Amino acid sequence: ETCFGALRRELGHSSAEILSFLLQCAEQLPHKIPLYGTLIGLLNLEDEDFVKKIVENTQNSFQDALDSGNCDGIRILMRFLTALMCSKVLQPTSLVVVFETLLSSAAITVDEEKGNPSWQARADFYVICILSCLPWGGAELAEQVPEEIERVLVGIQAYLSIRRHTSDSGLSFFEDDESGGDVEKDFLEDLWERIQVLSSNGWKVESVPRPHLSFEAQLVAGKSHEFGPISCPEQPELPSIISAVAYGKQKHDAELKYPQRMRRLNIFPASKTEDLQPIDRFVVEEYLLDVLLFFNGCRKECAAFMVGLPVPFRYEYLMAETIFSQLLLLPQPPFKPIYYTLVIMDLCKALPGAFPAVVAGAVRALFDKIADLDMECRTRLILWFSHHLSNFQFIWPWEEWAYVLDLPKWAPQRVFVQEVLEREVRLSYWDKIKQSIENAPTLEELLPPKGGPNFKYSGADDQEKTEQEQALSAELSNKVKGRQTAREIILWIEETVYPIHGQEITLSVVIQTLLDIGSKSFTHLITVLERYGQVMAKLCSDQDKQVMLISEVGSYWKNNAQMTAITIDRMMGYRLISNLSIVRWVFSPENIEQFHISDRPWEVLRNAVSKTYNRITDLRKEISSLKKSVVSAEEAASKAKADLEAAESKLTLVEGEPVLGENPTKLKHLKSVAEKTKEETVSMHDSLEAKEALFARALDENEVLFLSLYKNFSNVLMERLPDASRDGTLQSLKSVNGDSMAVDIEEPSTMEVDDENERPKKSQSNGGKTTNGYNVREKEQWCLSTLGYVKAFSRQYASEIWPHIEKLDAEVFTEDAHPLFRKAVYSGLRRLSNEL
């Protein structure tokens, strides 16, 4: 009422600003939409024309959102329309028409004959938008237009009967047993069930405020406006040749444009959230996701709004599950992981009595299930947890997890603790982290080595290097200190070193010495690479030598995984080594043996593939920008040409001689402008052609990279996976001792007891394994981990893999490839299983 009073006073002279602010508030604070809807309903009693403009603006924004595929815009504006209908601003029939327009488009899309079922992601999204409006306006619709809303619900039921159930196995947080993978309800089916329960409960929702009810008697007097017609964009045409690959490519494009907003990560036992009605869980998740969306970049405000939602019950556990579900969302979270890290920190500070214990409970529950957590999720969890602890003095009851030392070195829980400690050392220093685990001193065994560089030519007693090699290293070091140029050093190597000592020793001495000079800091490393990169490039001109170069880096920094990764990444940035040589090094025997016990080789591989991917993404953006510039330049050139022609046409004849009708200076200027714009157009075209040539080359390089990567994966897996004719499931690789996902989540050790003194010293539930040992043998664990990474790489770079899929199918994903390898790739790419 206070807000309405203030707005009414200002309406006469600031209506444009108020209209803009109201729409902004509704779009950016969607959990307050019922309040803004009621406010607009009250304004409608004062100034119908003003509110009519709001409805028209909303219609234009809604049509724009539909045309551009702006998912958040479509979803939030539909909720806003529902609130306007509740406040008698919008006619209920108009809202039903919007629903039916979207529903009709969805039904046509999934129709095998008239539509394009590969775009089901868009059709599902439209139906989810309709269903997600009903908690906000279902009661009013059922009261005012019962037959029409019933018709919409019958239409949704019919849609659900013809759409294809979407299996999320490729995007699942956990590696479920394949046999039950498709039985579980997908997101749309689950939401439909929740809405049916809501309908049978008389549309009562605790979590949606209904302020319009307090003003119902007044609002009825307002004029209900009509909502203009809207149209859904046509679905893309079917490919000219219909094939599984063509379908898969379109399906991937659709899922990229209309991604599923969330996947539920059920961390806590049902007892923590069972008081909630099914629909309340959905509504609170919507609120939390909206706050995360609109306050990305404003962490303090985000945390403040998250703890102050308009709901009459506590929801800390649901809040933690929702944030973790976004942090671990596959294929990638909507925002950078650091954002969620900061929000969790701020929530711990905002709710010091409740939220830290909830976060700790979530970590324990995920740790218990770590053996079945997707490899990408595992990596993200390690990075988040180590960063989170670094902001809370690295305090954690490590004694609870000390038992991991009794597990084999390949047990996922042991590897998790080891990787968290390694990342903590990166964020602090070794002695500090050793001190942080003083309650479980035996865990020191899992800390990374304390030693610094491992320089072969340091002259230490245990280094069995000849004095000659050490002398060469010292000589090179003196040359660098004496500021000799790269060219002078190359001459010295070619004339003095190489002929006598041969390739291997020369390469080892030069690389190790230069790395040692650059080892003091990141800046030293960059300086060495910039100044003496040519020396390395000359020595390592082909792929074999580049692999030797990377091996020297690995050997020099064998005690520091971070510096290994940074140095290789920088060398790739300076084009001293290629991504193919990095792939070859990662799949060298000494690294293959670490695939299941260390993140070290995977970090290097991730960096190499990401760098290649980022180059292509940057080129795409540059080409798109240049195309726009070319169009602008052509328009400017044609305008200048037209102006010049118009001026020249004004030449007049006097006594048979042409005389300028225009000012000669102006004509000269127009000629100059026309020539200049023409030159600019030509220059732009040349730049575009050059970039497109670079892009074509980058795509070819990408194809070679993925062929090499998958061939290596296929080869190493074929050597170690069981015979393809035997039971080809992931489950068969796991322990025979029962269900590997079984977690006794009712146990007080993980959830119920938050008091330090009552907590048992070790978690008894070890991902379904006994605490005495991990039942999966090393070979099987190696296969499970490597298949997990195959799936993660396929999923993360799916957009770059699909364009080359025919070549990969022909050369790598053939019938000879192991079924479990192909299954992992297909799962990551979300190719349908019947394409196997």
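Reader: How much area do domain 1 and domain 2 bury between them?

Author: The size of an interface is often given as the accessible area lost when the parts come together. Here, domain 1 and domain 2 bury about 1,600 Å² between them. Carbon and sulfur atoms carry 66% of it. Buried area is the accessible area (1.4 Å probe) that two parts lose on being put together, summed over both. H31, E206 and S207 supply 36% of the area that domain 1 buries against domain 2, more than any other three residues.

Author: A word on the source. This is a predicted model: local features need pLDDT of at least 70, side-chain atom pairs count only at pLDDT 80 or more, and totals for chains, interfaces and linings use all residues. Residues are numbered from 1 along each chain as its sequence is written, and side-chain values use heavy atoms, with hydrogens and water left out.

Reader: Into which domains is the chain divided?

Author: Domain 1 takes 1–170 + 182–233 + 243–257, domain 2 takes 280–440 and domain 3 takes 465–577. These bounds come from an automatic or database domain assignment. The C-alpha centres of domain 1 and domain 2 lie 33 Å apart. In contact terms (heavy atoms within 4.5 Å), 21 residues of domain 1 meet 18 residues of domain 2.

Reader: How many salt bridges are there between domain 1 and domain 2?

Author: The count is 4. A salt bridge needs a side-chain nitrogen of Lys or Arg within 4 Å of a carboxyl oxygen of Asp or Glu. The side chains of R75 and D290 form a salt bridge, at 3.1 Å from N to O.

Reader: How many aromatic pairs does the model hold?

Author: A pair of aromatic rings is described by the distance of the centres and the angle of the planes. Rings of Phe, Tyr and Trp (its six-membered ring) pair if their centres lie within 6.5 Å; planes under 30 degrees apart are stacked, over 60 edge-to-face, the rest tilted. By this rule the count is 39.

Reader: Why is the pair of F295 and F305 stacked?

Author: Their ring centres are 4.8 Å apart and their planes lie at 25°, so the pair is stacked. F295 sits in the loop between helix 11 (278–294) and helix 12 (299–307), while F305 is in helix 12, 10 residues apart. Helices here are DSSP runs (H or I, at least four residues), numbered from the N terminus. F295 is buried at 13% relative accessible area, and F305 is partly exposed at 22%. Buried means under 20% relative accessible area, exposed over 50%, partly exposed in between (1.4 Å probe, protein chains only).

Reader: Why is the pair of Y613 and Y797 edge-to-face?

Author: The centres are 5.6 Å apart and the planes stand at 65°, so this pair is edge-to-face. Y613 belongs to helix 26 (residues 600–648), and Y797 to the loop between helix 30 (778–796) and helix 31 (798–801), 184 residues apart. Y613 is partly exposed at 25%. Y797 is buried at 2%.

Reader: Where does the charged end of R720 sit?

Author: Over the ring of W782, 4.5 Å from its centre. The test is NZ of Lys or CZ of Arg within 6 Å of the ring centre and within 35 degrees of the ring normal. R831 lies over the face of Y826, at 4.3 Å from the ring centre.

Reader: How many residues of helix 24 are buried?

Author: Helix 24 (residues 579–586) has 7 of its 8 residues buried. Among them are L580, I582 and W585. The buried residues pack against helix 22 (543–556), helix 23 (561–573), helix 25 (589–592), helix 26 and helix 27 (664–720).

Note on methods. Helix = DSSP H or I, 4+ residues; strand = E, 2+ residues; numbered from the N terminus.
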